[in-house]
Amino acid sequence: MSLVLKNVSKSFVGKKAVDNISLELNKPGVYGLLGTNGAGKTTTIRMILGILKKDSGEITWNGKEVNRKSVNFGYLPEERGVYPKTKIYDQLMYFAELKGMDKQSADKSIKKWAKELKVEEYMQMTAEKLSKGNQQKIQFMTAIIHNPELVILDEPFSGLDPVNTEILKDIIINLVKDGKYVIMSAHQMATIEEFCEDILILNKGKTVLQGNLNEIKETYPVNRMKINVSKKIDDLINSLNMNIENTVGTEYTIKLDGKEKAHELLNKVVSQGIKVNKFEIMKPTLNDIFIEKVGE
């Protein structure tokens, strides 16, 4: 199976929202679709799902033109929405039946995902009585309840506490293990780095960076180091005219122009008998790269 976008464009009132973009998902995994607000991400997603018609280009799933019948998809939109006055179970059953499930299969799936997401106790409650985080988990259930082949997640972790974030992360990992194709759009770059091998960054509708994230990083020089030591070393860092980016206790993140000063600092620390718990020279983060590409 594969999802292919080839030279896809879309305009609204003469303004190009998406300008000649191409991407390909040819194996199960998580693909990162990134960009600032208004960059064209949501328009791209809606064209993939057949909600919006493209102006030009091709969008195919398994070689067939994408439409609502040719793709079994699940979609978690950025705009959250549950029916506040309706019981959670009834909402889930409604959406499952809309997606072609019979009542018995839907009931089994609801119970399975309610247990996975730890929301079993809320099934007979109305949505308005749930916290925003739990409402979000319910909406995530509507996206995957029918066992879709392609899952599109727009800001899936926004509003979740760390415990629920980990629950959702584990489920996404298992979706990929089960052979699902996932497109994830998020503003938390660390999350994208955690999940995505391949990314596409949009800016004003145009592709500004695309490819394998590790390969992209390899094209950049190192730009920072981390060192965790047994005591403060500000004086040693200052003696080398190095720029401290962040300090937490005795762990320092330091900006670099190259590896040489990093090793020079390490030698100074060791020569003074200071214990080194961690020493790491790092390439730019995805956050660094994103800001470089679209920060203007």
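The legends below describe close-up views of a predicted model. Residues are numbered from 1 along each chain as its sequence is written, and side-chain values use heavy atoms, without hydrogens or water. Local features need pLDDT of at least 70 and side-chain atom pairs pLDDT 80 or more, whereas totals for chains, interfaces and linings use all residues.

**View 1. The largest pocket has a volume of about 490 Å³.** A pocket is an open set of points on a 1 Å grid over the protein atoms alone, where a 1.4 Å probe fits, with protein on both sides within 12 Å along at least five of seven lines; lining residues have an atom within 4 Å of a point. The volume is the space filled by probe spheres set on the points, which are joined across faces, edges and corners. Of the 18 lining residues, Phe-73, Tyr-75, Phe-95, Lys-99 and Thr-142 lie nearest the centre of the pocket. Strand 6 (73-76), helix 2 and helix 4 (132-144) each supply at least two residues of this lining; helices (H or I, at least four residues) and strands (E, at least two) are DSSP runs, numbered from the N terminus.

**View 2. Asn-147 lies in the loop between helix 4 and strand 7 (150-154).** Although Asn-147 is not a glycine, its phi is positive, at about 60°.

**View 3. Lys-204 occupies the loop between strand 9 (198-203) and strand 10 (206-212).** Its phi is also positive, near 55°, in a residue other than glycine. Lys-204 has a relative accessible area of 68% and is therefore exposed (over 50%, with a 1.4 Å probe and protein chains only).

Notes:
Buried means under 20% relative accessible area, exposed over 50%, partly exposed in between (1.4 Å probe, protein chains only).
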